[in-house]
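Dear colleague,

I am handing over the structure we spoke about, and it is shown just below. After it you will find an account of what came out of going through it, arranged by topic.

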There are 2 protein chains.
Amino acid sequence: MQGINPYAKLSRQIGYEFKDTGLLKQALTHRSAAKQHNERLEFLGDAVLGMIIARELYDKFPQVPEGKLTRMRSTLVKGDTLAELARESDVGELMNLGPGELKSGGHRRSSIIADAMEAIIGAIYLEAGLEQTEQVVLHLWKSRINKLDPNEHPKDAKTRLQEFLQSRKLPLPVYEVVKITGKDHAQTFVVHCQVANLNSPLEGVGSSRRKAEQQAANLALETLMND
Amino acid sequence: MQGINPYAKLSRQIGYEFKDTGLLKQALTHRSAAKQHNERLEFLGDAVLGMIIARELYDKFPQVPEGKLTRMRSTLVKGDTLAELARESDVGELMNLGPGELKSGGHRRSSIIADAMEAIIGAIYLEAGLEQTEQVVLHLWKSRINKLDPNEHPKDAKTRLQEFLQSRKLPLPVYEVVKITGKDHAQTFVVHCQVANLNSPLEGVGSSRRKAEQQAANLALETLMND
């Protein structure tokens, strides 16, 4: 279909038109589809995005301590956020995927388009330099940056694990104290967290039951995420 | 002592002279010493450094896959490397530390000067922009970048844990298989790794004894590092 640019909507959404369509195509190519895939661009894009967001938060919140800046940045650059932005730009429809990945859905697919979003940012940086990439990123992230509240309480690991499992319609985790050592005010708790689709319980250790549970929940989350 | 610039050696080493000495001073101020400390600058410097190194590796190794770029970048920006560079520039002697931190040595001190090194990079970026920061970073890191070998085998977690403990004159870890489930070719191993100065063993799970041990060693390393 001559004359029709498949990337028109993407260009409009991100506010940038690639001169080198080949570069954009590479950013949209998963490693399952071709040798010239997007992983190196993703590596670059991840770093550039992190830097642009860090600078923006540094300037926008001059009184906010480092810990809160770090937490806000994580929220902005995490996979879920990238996948949302990718969906808004129809990245999924434009991707080149291998036959195996074409059928993948859910979490796996989200992670593929999130990576492609980073690769697109890397590609813009290569083609147009930092200043223009900054414009694109700040435009894309604008509403999310404006919504940030530095004092929002971060969700703890147990809450995040529960939400993760619920969103995937999996049973809730079971926590069990398996060992208490030390006496009175110097006790150490060992807790197991059993998650339905993990073979073996995750262990957490802490000076209180709550702390040990949070640690175990954190490990469970990490294990599930890397699955 | 009028006329003597305490920052002369630092400026020479990093190849950059600050216009705003107050900014440099802030980069050299630990949170234990004053309200105007270096943590926000460190947040910024970490991101800028990561980006500059990512771009350099991307350009220098056009054929190297993302996994190896990521590993090389970690080597270049890890705390040990930053602390070495800080030592070469006498950062330790120039720092403003609170009374408690003044006495600290070893690992703790290394981590403080490594953070200051990142803060200095953040401060240069604020004062002079990305291009000049790039020059400073690539000059400082030059010999380390030239020595990189993308095909060098990364050390596994058990080796790293052993080296970590030996360098601190601590006893070696003890590994123990505590559970094997499944049959024949679908077994799951649960291994405990006991480290002398940790209260409770770290648990690893894997489809082989070796994999479970590596996971447990990794957790032990993380726990020790965050101690």
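**Findings from the predicted model**

D90(A) is partly exposed, because its relative accessible area is 25%, which lies between the 20% under which a residue is buried and the 50% over which it is exposed. Please bear in mind throughout that this is a predicted model. D90(A) sits in the loop between α5 and α6 (91-94) of chain A, and although D90(A) is not a glycine, its phi is positive, at about 55°. As background to that remark, most residues other than glycine have a negative phi. A second residue of this kind is found in chain B, where K169(B), also not a glycine, has a positive phi near 55°. K169(B) belongs to the loop between α10 (157-167) and β1 (174-181) of chain B, and with a relative accessible area of 75% K169(B) is exposed.

**Chain A as a whole**

Chain A has 11 helices and three strands, and read from the N terminus these elements follow the order α-α-α-α-α-α-α-α-α-α-β-β-β-α. Along the principal axes, the C-alpha atoms of chain A fill a box of roughly 75 × 50 × 25 Å. Chain A is made up of 227 residues, of which 46% count as buried.

**The annotated site**

Which residues does UniProt list for "binding site" in chain A? The record, which is an unreviewed entry, gives E42(A), D115(A) and E118(A). These residues are spread over 77 residues of sequence, yet they cluster in space, with a largest C-alpha distance of 6.1 Å. D115(A) is placed in helix α8 (residues 106-128) of chain A, and E118(A) is likewise found in helix α8 of chain A. Are these two residues buried or exposed, or something in between? D115(A), at a relative accessible area of 26%, is partly exposed, whereas E118(A), at 6% relative accessibility, counts as buried, the cut-off for buried being under 20%.

**Helix packing**

The crossing of α5(A) and α9(A) is right-handed. On the side of α5(A), the contact is made by T81(A), L82(A), E84(A), L85(A) and E88(A), and on the side of α9(A) by L140(A), W141(A) and R144(A). Sorted by class, the contact of α5(A) with α9(A) has four nonpolar, one polar and three charged residues.

Between the chains, helix α3 (residues 39-60) of chain A packs with helix α4 (residues 66-77) of chain B at an angle of about 35°, with the axes 8 Å apart. Here E39(A), R40(A), F43(A), D46(A) and A47(A) in α3(A) meet E66(B), L69(B), T70(B) and R73(B) in α4(B), and the residues of this contact divide into three nonpolar, one polar and five charged.

**Two buried residues of chain A**

S200(A) lies in the loop between β2 (188-194) and β3 (202-206) of chain A, and at 8% relative accessibility S200(A) counts as buried. Leaving aside neighbours within four places in sequence, S200(A) is in contact with Q194(A) and, in chain B, with V190(B), E203(B) and V205(B).

Q214(A), found in helix α11 (residues 209-225) of chain A, counts as buried at 12% relative accessibility. With residues up to four places away in sequence not counted, Q214(A) touches D156(A), A157(A) and K158(A).

With best regards

Key: Residues are numbered from 1 along each chain as its sequence is written. Chains are lettered from A and ligands numbered from 1 in the order in which they are written. This is a predicted model: local features need pLDDT of at least 70, side-chain atom pairs count only at pLDDT 80 or more; totals for chains, interfaces and linings use all residues. Side-chain values use heavy atoms; hydrogens and water are left out. UniProt positions are given in the numbering used here, feature names are shortened, and annotations may be inferred rather than shown by experiment. Helices (H or I, at least four residues) and strands (E, at least two) are DSSP runs, numbered from the N terminus. Buried means under 20% relative accessible area, exposed over 50%, partly exposed in between (1.4 Å probe, protein chains only). A crossing is left-handed if the near helix is turned anticlockwise from the far one by less than a right angle, and right-handed if clockwise. Contact means heavy atoms within 4.5 Å. Ala, Val, Leu, Ile, Met, Phe, Trp, Tyr, Cys and Pro count as nonpolar, Asp, Glu, Lys and Arg as charged, and the others, Gly among them, as polar. Axes are lines fitted to C-alpha atoms, for helices over the stretch in contact, and angles run from 0 to 180 degrees between N-to-C directions.
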